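Thanks for coming. I will take this one chain by chain, then look at a few places in more detail. Here is the entry.

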Amino acid sequence: MTTEGLRFPNGTTVVIAVFLIALPCILPSLTLASEILVLATGALSCTLLLGSVGLLSFGQGLYFGLGAYVSAILIRDFEMSALAATIAASLAGCLLAAAAGLLIVRRQGVYFVMLTLAFAQMGFFLALAFPRLTGGENGFGNVPRTAIAFGQFALSNPLLLYVFLAILSFAAFALVQRIVASPFGSVLNSIRYNESRSEALGYDARRFKLAAVTMAGGIAALAGAMNTLMLNFVPLSAIDVETSERLLIASLIGGVGSPLGALIGASVLSAMSDFLSPIWPRWSMVVALLLIVTVLFLRDGLLGLGGVLRRQGKEMPNG
Amino acid sequence: MSAQVLIFGALNGVGIGMIYFILSVGLTMIFGLMQFVNFAHGAFYMVSAYAAFAIAQWTGSVLPALLISPLLAAAFALASERLLLQRTYSLPHEAQILITFALAILAQESVTMIFGTLGKNVPVPEIFSGVVIFGGFVYPSYRLFVVGIAVAVALAMWLAIERTRFGAMVRAAAENAEMMGLLGFDSRKVFMAAFAFGGALAGLAGALAAPLRGVEPLMGREALAIAFVVVILGGLGSFSGALLAALLIGITQSLMSMIWPGGAHLMIYGVMTMILAFRPTGLMGRS
Amino acid sequence: MRNRREILAAAAVGIATPSLLRRAWAQQDAIEIGSLVSLSGTFANIGEQVDIGSKIAIDHYKTAAGRPLRYVQLDDQGDPGRAVRLTQDAIRDRGIRFFMNCTNSAIALAVAKEVASSGGVYINQAGADEMTGTLCNKNTFRWPVATYSAVNTTVRPFMKQFPDAKKWYTITGQYVFGDSLLKNLKDVLGELGGQHVGNSYHSLSDREYSGFITAAIAAQPDVLCICNFGSQTTDVLRQAVSFGMKRNTKIVVVWSTGLDQFQSLGPDICEGVYFGANYWHGVDAPGNRLLTGVIKDKLKVTPSYLLTAGWACTQATVEALNKAGSAEVPAVIKAFETLSYEGPTGLEKVRAEDHQVLKDYYLLLGKPKAKMLDKDDYVDVISAQKAFLPPDKTGCKL
């Protein structure tokens, strides 16, 4: 993430807040807005890793799935409130990510990516191997619409559900902004630019990476828990590799230079699949093309679009 | 379970392993030569399998496809390299992963658009439609033919790597990527050759696999997953490692299907995770 | 600056328009039926066919309960989460009360819950027994038979024909559906004196089955039984045949998807194999004559199981609406519960206790290529039977 504007709260914080409030007003469907929140929060975990420490994770779906299952089990079988289950699920995500992270951060580059992928695959096969716990391919169903906390504010009201999800999502975004703006964040950033130099300065890069991986796991699990609250149900697909890919794509398309990118990427991806899929079933080609354009020409994702256009404008005096 | 059953299982595993070897060797070669992670490897495989299907429909036999499809896959790989992938050489590995991943989606969706979503059957060539029986062990002739080709490919590659100038370069590059330039190779040509050859190998695997498994749009995804497991287990870039790993996985899979089938995948990914974490150079790589 | 604002406004309108338009289209008098089909994603091969079948049925019937019908396609992209979301939207924003179809059990179970909690009617093609078992509900109906029925209507007639084929080996998909098939098979074998000599489980993502097949051959069974569905079943069968298992073993595929599957296997593999199926186009029944006629007329093809499943769920909904004479949900549910009509498999009846459609399940035998009368004439019908768990045994409490 860029080192400029390293304050929190800043303008971006306000933009995110306004975005979250505006989403349900602009979009034709409240559930689409909720889905965007879930995807954006999940994508945020990729943004945190890629944007701040430069780690590409193909496996955030593992924590997303874990958060989804943990929250569902807690709500259905232990009758926990939505808030408590969400917090517990996020903590579970942190724990698993810390454990996996111990192994993952030992590696860099391609090997790091492959390790995240291998962990994600293991998670999927575990979920499939224990259908009593996860419902297997039929999914984990019958999660009741619970209340937020202390039996108050039942989430059966869709608008209230959106508000609750938006608050959780905003909390995650604010947290990431806060992290990036902190001294810890600047160490992460220096690791991203030059790992060996940071080491030479006396920072143990692995420990900082582990911390980032842990937090990203917690955020992805939070998104998973939000998904459970939205659907009252956990499909097996919550933990498959395609979920990992979706989170990553949303984050990349939006741009990893700022947390705002996750929100933009998620909005574009969800809205596009909503509007394009009835017209053209092969719509994921558009996503693939967008991904190629992002990687080759828009290194800052859609967020960077403004900058690129401005530069183009300067080059062409009449433009 | 009798010893004979276990032996049959192991023999069959060798057969699976050889098929996995052709599938993966192109991937490991591209990585060894250029440190390039190719997520589109499965797409080359799938495109070629579909080409084999079309050729079999048209000519009535899949045999001509065994020659034509790999060429088509090589052309596809070469075109991708020239038009798209070469732009990523200066970018970090992550960019290459993402671009080839996107390329794989494009290929998968295009094939769906042309051939539809339903799986298609590719008949086994007439002359290989029977089975071979030795002792009590039954084995399809076509599989035997595939294994034969795989062995031939492995031998040819081994000779090429040990005896030719290109092979010397492959070995040098696997040790140290910069060596290639020092040895006076034109990296542009080498990369093109690597993609064409890697694509052709994936294509050969696809054309051979079509009569074994039929064709469907998602087949590239599974193939990619297998190829990655093999390549990582063997050590990225290692030719002999890929062979060893492919055989190991084939035999494990075959034996595990008799002992604890549910655990086969868990175990394979578990081992892969451990290797990545503790011995990233794989079984055969030097650390 | 003005320019940019205009663009933003235009963009906002662009995004909001689909829903406005949709509402404008939703005329007062039409009955809208939401159809959950996956047109993209992993299950597109299923969704596409179901979608076509349902659309044609709606075109054919045109009206129900005296009102025009409108088909509302909901593409869930194979994702149960998305299916739930689209259902919520359809109910809340568009007031749709009637739903049908699914491309996998997870979608059906999740949508059924959603439809039940908001008071609609849903009929689907789920394979999972839970649909009309422990997870049944007042608002949901299911057209295909349960695993109990599939096993009993295939294995019993088979064993009657081959009383000497005692030793059975099974290859089973290790997940809920495969396990239910296996459990029922063991029950039937136990009762009829068959011997279950071994089972190989494979996982949902296996594509290489030669190891399982080698194990099966080693057990020297009389019968190899495949307990799974879809493309995995196709692959297992293809590989089993390539290993020459047809030579001295009979192969029974308890749950096939009929014509589609036979086409992707080819006649050589199908020959001599026994298939269980929910539908076969060659069956002589008034409802089937109607269906095959309409499909031939409009698409110039022979109806497959998936296409028929789309048709069947639509037909059942239309019949229930007609019987109720209104689109009031309680009346339609009531009509559904006592419904009986000429469907694609003959006379089909809905059972009130668990909302299962009681219909025939077929045992089919693949015939040699030389004996096929046309390109789709892959099998002979060996038996057509109904066998259902008694309502008190299904685990369903309505």
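First, a definition: helices (H or I, at least four residues) and strands (E, at least two) are DSSP runs, numbered from the N terminus. On that count, chain C holds 13 helices and 16 strands. The model is predicted, so to speak of local features we need pLDDT of at least 70, side-chain atom pairs count only at pLDDT 80 or more, and totals for chains, interfaces and linings use all residues. Residues are numbered from 1 along each chain as its sequence is written, while chains are lettered from A and ligands numbered from 1 in the order in which they are written.

Confidence next. The model scores ipTM 0.86 and pTM 0.87. For pLDDT, the predictor's confidence in each residue, from 0 to 100, chain C has a mean of 89, with 93% of its residues at 70 or more. Residues 1-27 of chain C are where pLDDT stays under 50. For that stretch the model has 13 contacts beyond four places in sequence, where a contact is two residues whose C-beta atoms, placed from the backbone, lie within 7 Å.

Now the overall form of chain C. The radius of gyration is taken over C-alpha atoms, and the globule rule is 2.2 Å times the number of residues to the power 0.38. Chain C comes out at 22 Å, close to the 21 Å that the rule gives for 398 residues, so chain C is as compact as a globular protein of that length. Along the principal axes, its C-alpha atoms fill a box of roughly 80 × 55 × 40 Å.

How much of chain C is buried? I call a residue buried if 20 or more other C-beta atoms lie within 10 Å of its own, exposed if 12 or fewer, and partly exposed in between, again with C-beta atoms placed from the backbone. Of the 398 residues in chain C, 59% are buried. Of the contacts in chain C between residues at least 6 apart in sequence, 69% join residues at least 24 apart.

Chain C is divided into domain 1 (27-145 + 286-358) and domain 2 (147-277 + 361-392), with bounds that come from an automatic or database domain assignment. The C-alpha centres of the two domains lie 28 Å apart. Domain 1 of chain C puts 14 residues into the contact and domain 2 of chain C puts in 17. In the classes used here, Ala, Val, Leu, Ile, Met, Phe, Trp, Tyr, Cys and Pro count as nonpolar, Asp, Glu, Lys and Arg as charged, and the others, Gly among them, as polar. The side of domain 1 that touches domain 2 then has five nonpolar, five polar and four charged residues.

One element of chain C is helix 5, residues 147-161. The expected span of a helix is 1.5 Å times one less than its number of residues. Helix 5 of chain C has 15 residues and reaches 21 Å from first C-alpha to last, close to the 21 Å expected. Eleven of those 15 residues are buried, including C:Tyr148, C:Val151 and C:Phe158. Its cover includes helix 6 (176-192) and strand 15 (361-366) of chain C.

On to the interfaces. Between chains C and A, 32 residues of chain C are in contact with 30 residues of chain A. Helix 3 of chain C gives the most to the chain C side, with eight residues. That side has 16 nonpolar, eight polar and eight charged residues.

Between chains B and A, 26 residues of chain B are in contact with 26 residues of chain A. Helix 4 of chain B gives the most to the chain B side, with twelve residues. The classes there are 17 nonpolar, six polar and three charged.

Helix 4 of chain B also turns up at helix 11 of chain A, where the buried residues pack against it and against helices of chain A, among them helix 2 (30-53) and helix 12 (259-276). Eleven of the 14 residues of helix 11 of chain A are buried, so this helix is largely enclosed by the rest of the structure. Just after helix 11, A:Gly255 takes a positive phi of about 110°.

Last, A:Gly93, which sits in helix 4 (residues 82-104) of chain A. A:Gly93 counts as buried because 31 C-beta neighbours lie inside 10 Å. Its C-alpha is 5.0 Å from that of A:Ala221, 128 residues apart along the chain. Beyond four places in sequence, its contacts include A:Tyr63, A:Gly217 and A:Ala221.
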